[in-house]
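Thanks, everyone. Let's talk about salt bridges today. Please have a look at the structure first.

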Amino acid sequence: MTTPPRILAIAGSDSSGGAGIQADIKTITMLGGYAMTAITAITAQNTTGVQGVELLPVAFVEEQIESCLSDIGADAIKIGMLGSPEIAHAVAKRLAGFEGHVVFDPVMVSTSGAVLASDATIAAFAELMKRATLATPNLPELAALTGMPCETPDEIAAAAHHLAAEHGCAVLAKGGHASGERVVDRLVYASGDFASFDDARIDTRHTHGTGCTLASAIATLLGHGQPLDHAIRLARRFVIEALHKAPGFGAGSGPLGHQAVRGG
C-alpha cells in the first residue's frame with residue numbers, strides 16, 4: 001500500500017459542508033491524501049449565505065497546527081479562511097520552518113457574497129504569500145491584493161505577475177469571475193514564466209466551495225509529488241467533475257459532488 005501524502009488544511013469550518021474545512025477533507029480524501037485540520041473559525045452558513053462567524057483564539061489555532069506538525073507531520077499545507085490579522089500572522093510565523101508545499105487561497109468573500117476578511121487581514125496575507133508555493137486568488141481577490149485592474153486578459157496577467165514577483169510565489173489567477181463562455185485560469189511564476197488552463201464554463205448555480213476544493217486538490221497532488229503545472233491541471237479536472245456531479249442541494253449556491261469523483 002502506498003503511504004498517503006499528509007495534508008494539513010488550515011481554514012474555517014462550513015456548517016453546511018460545502019466549503020472550508022469540510023470541502024478540504026472531502027477533496028484530500030478523494031484524491032488519496034490523509035487529511036488533518038487546524039480550524040480558524042466556526043461559521044453558521046448554508047447555500048444562501050453566512051449567518052454567523054466565531055473566530056477561534058489565536059493560541060488555539062497555533063496549538064492545532066503544532067499538534068499535527070510535531071507528531072504526524074505534513075507533506076503539504078492548504079491555507080484558506082483565516083479570519084483575523086492576528087491568526088494570519090501566527091500561521092505565517094509557525095510555518096516559517098516548514099519545508100513542504102504551501103497552497104494559499106486568500107479567501108476574502110464567500111461564494112454567497114459574505115465578507116470573510118477585513119482590510120487588516122488582507123494586509124497580513126503578504127507574510128503568507130512569501131512562504132507559499134502557490135497563491136490562488138480569484139479576480140476580485142487579485143484586484144484587492146494588487147490594487148490593479150483585472151478586467152482584460154492583459155490586465156489579469158500583469159496583476160498576477162506583479163503579485164508573484166512581489167512575494168516570490170507562483171500565482172494562479174482564477175478566471176471564474178470573468179465573462180465569456182470559457183473559464184481561463186492563468187498560472188504566473190515570479191520569473192515571469194506562465195501557463196494557461198482553459199475550459200468551457202459550466203452553467204450551474206452549484207459552485208459553493210469551488211475555491212477551497214481547487215486549492216486542497218492542488219495541495220494534495222503536490223503532496224503526491226506532481227509538478228505544479230500538472231497538479232493544477234489535475235485539480236481543475238477534479239473540480240470540473242465535482243461540478244458536473246453536484247447533488248443539487250440547497251436553495252442557493254449549492255455544494256459540489258466530491259463524493260462522486262472517484263480517483264480524481
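Start with Asp24 and Lys78. Their side chains meet in a salt bridge, 2.9 Å from N to O. Keep in mind that this is a predicted model. Where do the two partners lie? Asp24 is in helix H1, residues 20-30, and Lys78 is in strand S4, residues 76-79, so the pair ties together parts that are 54 residues apart in sequence. Are they buried or exposed? Asp24 has 0% relative accessibility, so Asp24 counts as buried. Lys78 also comes out at 0%, and is buried too.

Next pair: Arg94 and Glu66. Their side chains form a salt bridge at 2.7 Å, N to O. Arg94 sits in helix H3, residues 85-94, and Glu66 sits in helix H2, residues 58-71, so this bridge links parts 28 residues apart in sequence. Now the accessibility. Arg94 is at 26%, which means partly exposed. Glu66 is at 35%, and counts as partly exposed as well.

Arg236 belongs to helix H8, residues 228-244, while Asp185 belongs to strand S8, residues 182-188, so the pair ties together parts that are 51 residues apart in sequence. Both residues are buried. Which residues join them in a network? Asp199 and Arg237 do: salt bridges with shared partners connect Asp185, Asp199, Arg236 and Arg237 into one network.

One last question. How many salt bridges does a search of the whole structure find? The search finds nine. The pairs I showed you are among them.

Technical notes. Residues are numbered from 1 along each chain as its sequence is written. This is a predicted model: local features need pLDDT of at least 70, side-chain atom pairs count only at pLDDT 80 or more; totals for chains, interfaces and linings use all residues. Side-chain values use heavy atoms; hydrogens and water are left out. A salt bridge is a side-chain nitrogen of Lys or Arg within 4 Å of a carboxyl oxygen of Asp or Glu. Helices (H or I, at least four residues) and strands (E, at least two) are DSSP runs, numbered from the N terminus. Buried means under 20% relative accessible area, exposed over 50%, partly exposed in between (1.4 Å probe, protein chains only).
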